[in-house]
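Hi,

Here is the structure I promised to pass on.

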Number of protein chains: 2
Amino acid sequence: MTDVKSGVNPLFLREDDLRQGIELLFFGYRDFTAEPDAMLAEIGLGRAHHRAIYFIGRNPGISVTDLLGILRITKQSLSRVLGDLMDQGFVDQRQGTRDRRRRLLELTEKGVELERRLSENQRQRMARAYRLAGAEAVEGFRRVMLGLIDDADRSRFPAPAAPPRVVRR
Amino acid sequence: MTDVKSGVNPLFLREDDLRQGIELLFFGYRDFTAEPDAMLAEIGLGRAHHRAIYFIGRNPGISVTDLLGILRITKQSLSRVLGDLMDQGFVDQRQGTRDRRRRLLELTEKGVELERRLSENQRQRMARAYRLAGAEAVEGFRRVMLGLIDDADRSRFPAPAAPPRVVRR
DNA sequence: ACTTTACGTCAGTCATGTTGACTCGAACCC
DNA sequence: GGGTTCGAGTCAACATGACTGACGTAAAGT
């Protein structure tokens with residue numbers, strides 16, 4: 001598949017459209033994470049801590065194994081991150097009742113506050129993008145991103161009850 | 001999970017819609033990079049090398065400074081990466097003619113081949129997502145992603161050539 | 001002539017990931 | 001009851017990709 005630029009692609013998609021998608025993802029992700037990264041650096045934490053805090057906040061009482069499944073890193077890596085977060089009082093563990101082997105993770109009040117500060121930045125950036133693009137575009141964004149995600153994780157995103165709506169100010 | 005999301009959001013968008021966007025980006029990026037990362041690991045390179053190769057291929061003759069501007073990393077970091085790529089014969093440098101301080105970067109034939117292999121995977125994933133989502137969704141994806149990107153880099157993405165769909169408001 | 005720019009390099013540090021091996025206690029199964 | 005699997009944690013060693021800071025050199029700009 002050599003680059004016959006304006007030629008017909010068997011997928012009906014032009015090479016440049018695909019490349020543009022790749023680049024949008026690169027630049028989008030880069031800019032999406034830059035500001036929270038800077039905030040985290042100030043308190044000696046990194047992006048990995050943000051991810052852990054985010055998903056614990058999103059799934060209170062999640063087990064270590066389930067969190068590993070989301071993050072797709074090794075338990076040794078996560079262990080270091082969780083250790084930092086627990087030492088600094090952002091995260092608490094409690095033993096599972098039904099299965100006492102499980103350590104269920106929760107944000108402390110301090111953790112909730114940090115999560116809010118970090119994600120607020122990203123929510124605002126996302127909100128700005130949604131507002132600029134319009135409601136219809138948001139649904140398109142959702143559909144394309146879903147297509148990029150492995151089947152295994154697609155189920156984390158149920159179809160919206162009502163289409164994500166942009167509320168006029 | 002117990003999502004006790006308190007009622008009113010100071011933003012104009014529902015909290016959950018924004019969170020879903022954040023998560024789509026996280027999972028999408030994670031899955032988008034996983035396979036090329038695995039290929040790179042086999043030849044002792046990493047994601048940083050892929051990024052350099054990609055943008056050199058995309059901008060043949062780009063200067064080191066310009067590449068730094070795209071990647072937003074330090075010259076020391078890029079230097080290591082470029083060194084690896086030049087040692088292994090994926091990238092060539094030539095001196096600028098107008099400005100002889102500049103080192104203009106280009107992929108060798110071997111570099112082009114590697115870039116093709118790596119990005120082919122991502123192009124196919126992107127093509128699949130585009131096909132599943134449909135043409136209209138692709139435009140929406142483009143618009144939302146653009147909104148996530150810092151103003152400074154927005155200009156890298158000119159409006160699509162085909163239907164210059166003017167959206168007001 | 002002086003300053004700035006483009007690039008490179010040396011040296012040290014940090015964050016985040018990896019493999020592999022091992023322990024411990026709880027749960028599961030025959 | 002006993003053996004095995006599972007969830008979690010730990011120790012050790014290592015790779016990668018980022019960072020800061022300092023310094024050097026050559027070319028271009030003023």
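**What I found**

Let me start with A:Arg156, which is partly exposed at a relative accessible area of 36% (buried means under 20%, exposed over 50% and partly exposed in between, using a 1.4 Å probe and protein chains only). Its side chain meets that of A:Asp153 in a salt bridge, 2.8 Å from N to O; the term stands for a side-chain nitrogen of Lys or Arg within 4 Å of a carboxyl oxygen of Asp or Glu. A:Asp153 is buried, with a relative accessible area of 4%. Salt bridges that share partners also join A:Arg30, A:Asp31, A:Glu35, A:Arg125, B:Arg72, B:Asp150, B:Asp153 and B:Arg156 into one network.

Before going on, some ground rules: this is a predicted model, where local features need pLDDT of at least 70 and side-chain atom pairs count only at pLDDT 80 or more, while totals for chains, interfaces and linings use all residues. Residues are numbered from 1 along each chain as its sequence is written, chains are lettered from A and ligands numbered from 1 in the order in which they are written, and side-chain values use heavy atoms, with hydrogens and water left out.

Over all chains, the structure holds 46 salt bridges. One of them pairs A:Arg58 with B:Glu23, at 2.5 Å from N to O. A:Arg58 lies in helix H2 of chain A and B:Glu23 in helix H1 (residues 15-42) of chain B, so this pair joins two chains. Helices here are DSSP runs of H or I with at least four residues, and strands are runs of E with at least two, numbered from the N terminus. Both A:Arg58 and B:Glu23 are buried.

Another salt bridge links A:Asp151 and A:Arg154, whose closest N and O atoms are 2.5 Å apart. The two lie in helix H7 (residues 151-154) of chain A, 3 residues apart, or about one turn of the helix. A:Asp151 counts as exposed at 56% relative accessibility, whereas A:Arg154 is partly exposed at 24%.

**Aromatic rings**

There are 13 aromatic pairs over all chains (ring centres of Phe, Tyr or the six-membered ring of Trp within 6.5 Å; planes under 30 degrees apart are stacked, over 60 edge-to-face, the rest tilted). A:Phe27 and B:Phe157 form an edge-to-face pair, 5.8 Å centre to centre with 80 degrees between the planes. A:Phe27 sits in helix H1 (residues 15-42) of chain A and B:Phe157 in the segment after helix H7 (151-154) of chain B, so this pair also joins two chains. A:Phe27 is buried at 1%, and B:Phe157 is buried at 6%.

**The DNA side**

H2(A) supplies the largest share, 4 residues. A backbone N or O atom of A:Thr74 lies 2.6 Å from a phosphate oxygen of DNA strand C.

Cheers

Key
Polar contact = N/O pair within 3.5 Å; in protein donor to acceptor, adjacent residues only side chain to side chain.
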